[in-house]
Amino acid sequence: MSDDQTARLGLPYLAAGQMQKHVTLNEALTRLDALVQPAVLSRSQQAQPAAPPDGALYILPPDATGDAWTGKAEGALMRAEAGGWSVIEAPDGLVVLVADADELVVRHGGAWVALGTRLEAVQNLNRLGLGTSADAVNPFAARLNKALWTARTLGDGGDGDLRLTFNKEGAADVLSLLFQSGYGGRAELGLIGDDDLRLKVSTDGSTWRDVWSVDRASGRVSFDLGATRRTVTVLTAGGGYAVPPWARTIEAIAIGAGAGGGAGAFGASGSRFGGGGGGAGGVSRAVWPADQLPASLTVVVGAGGAGGVGSAGSSGNGSAVYSGSTPLLIATGGGGGGLGGAVSGTAGAGGAGAPNSNGGGASSVAAAGAAGKSFDRPDAPGGGGAGGGLDGAGAARPGGAGGDGAALAVKAVGGAAGSGASGGAGAVAPQPGLYWAGGGGGGGGAVTSGAGHDGGAGGLAGAGGGGGGAGVTAGGVGGAGAGGLVWLIAQG
């Protein structure tokens, strides 16, 4: 123990019989004025102020300048008084408010360090606010733009892990993370009213919709409104298709083009058959894992076959999906309806498939032309109806109706049979967002004078055209087949 000054703050003692005791007492009071509830104006200002107020305190930064500051040690506590400066010895543990930085620093080991680095434990706080004020409802509140939680490493005495634990009292209570926008709830994740993990969302913070839940006993995930992303790309013309990066599977449905109906026979006498109905395009399906496909595929969409003009109908063209030059899926076009003649008006064959698609109808002189097929493949486009024929006695027969497309799915009605009239056009798919098959064209009716009636066109997609009716001066023209189609369905 020193006889001259106090042990901690270094306050000078008054000696017995000392002359001018007021000098020593004033020195002690000055030191107390600096060390009790200390607040410095700055610890970053390098230039010594010209006219500081009495009692002003500064902590010197590196390379401080000025008559009194130059050469003083970094971190020295300087006090201004009566135009002069003095160094105040600062003991370890002294806490100082730095006014221009709004921070508290503490003297430790001869240096100034942030107070927080010396707080080993702060226990049982009732409220804590970071950048804002906590209250009774929110005893912890933070107003900031970024936050970081990082694990204590092995080198710092930790184990490298970071686990945040949240706990609620009972199963019926709520333990959740509530996400808000403008202080209105938009999503909530957690154990909400039971012990299963749930996610729900809201547009207004009052009406909530469940998204998914995880059963804690089985681990099964239930999606209340489904969780699959699915997009359908419909191509009516060839081109490229980029496989979406999010897709897990690509389903392809290729429909070949329908064939044209054949033209009807003509002549002054004898049996004269109408043209055969054109066959519907074939249908092929496939599902591929997206990660086994290239980034893009090439799609070919077949054009419909032309109706016969004094000839058989043209076959429909095939549709296909390629990876480079390698075909991944092919749907063949329907076969053209036969040209009506003295002995037949043959039906066009359905495009190849598993099973084959719907064929067209065959012409007759003893009865109406046969209807286009619908049920050879009831999910496929309809075949074209046959044109009506003329028998040797001059009896004119009506054409056959077009076959219905997708007769057991979203049905597209086949074109009406021509009776003393042209065949009706087949209907296009009535709900193209749900299904794709079109109805076959109706066959044209025969006539006892003049040209036979024309066959109706097949409906999109893939339907066959109707055959032309028989006539005296000319046979009816066959109806055109409908073009093909390709659906590509990405799912992920």
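A: Two strands count as paired here if DSSP finds at least two bridges between them. The model is predicted.

Start with the sheet. Four strands form an open sheet in the order β16-β19-β20-β21, with antiparallel pairing. Its edge strands are β16 (239-242) and β21 (326-331), each of which pairs on one side only. On average, neighbouring strands of this sheet are turned by 25° against each other, direction ignored. Strands of a sheet pair through backbone hydrogen bonds, either parallel or antiparallel.

Strand β20 (residues 319-323) is joined to β21 by five bridges, and the two run antiparallel. Within this pair, Y322 stands opposite P327 of β21.

Next, the charges. Side chains of opposite charge can pair when their charged atoms come close. The structure holds ten salt bridges. One of them links D379 and R377, at 2.8 Å from N to O. R377 is buried, at 6% relative accessibility, whereas D379 is partly exposed at 22%. Through shared partners, salt bridges join R285, R377 and D379 into one network.

Another salt bridge links D195 and K168, whose closest N and O atoms are 3.4 Å apart. D195 sits in the loop between β11 (184-192) and β12, and K168 in the loop between β9 (140-142) and β10 (174-181), so this pair ties together parts that are 27 residues apart in sequence. K168 is buried, because its relative accessible area of 13% is under the 20% cut-off. D195, at 30%, is partly exposed.

D194 and R198 also meet through their side chains, in a salt bridge of 2.6 Å from N to O. R198 is partly exposed, with a relative accessible area of 24%.

K200 comes next. This residue belongs to strand β12 (residues 197-202). K200 is buried, with a relative accessible area of 18%. Beyond its neighbours within four places in sequence, K200 contacts R186, A187, E188, I192, W208, R209, D210 and V211.

Last, the surface. L119, V122, L125, L128, L130 and F140 make a nonpolar patch of about 560 Å². L125, one of these residues, lies in the loop between β7 (111-114) and β8 (128-130). L125 is exposed, because its relative accessible area of 52% is over the 50% cut-off.

Technical notes:
Residues are numbered from 1 along each chain as its sequence is written. This is a predicted model: local features need pLDDT of at least 70, side-chain atom pairs count only at pLDDT 80 or more; totals for chains, interfaces and linings use all residues. Side-chain values use heavy atoms; hydrogens and water are left out. Buried means under 20% relative accessible area, exposed over 50%, partly exposed in between (1.4 Å probe, protein chains only). Contact means heavy atoms within 4.5 Å. Patches are made of residues with over 30% relative accessible area and no salt bridge: like charges are joined within 9 Å, nonpolar side chains (Val, Leu, Ile, Met, Phe, Trp, Tyr) within 5 Å. Accessible areas come from the Shrake-Rupley method with a 1.4 Å probe; for residues, only the protein chains shown count as cover. A salt bridge is a side-chain nitrogen of Lys or Arg within 4 Å of a carboxyl oxygen of Asp or Glu. Axes are lines fitted to C-alpha atoms, for helices over the stretch in contact, and angles run from 0 to 180 degrees between N-to-C directions.
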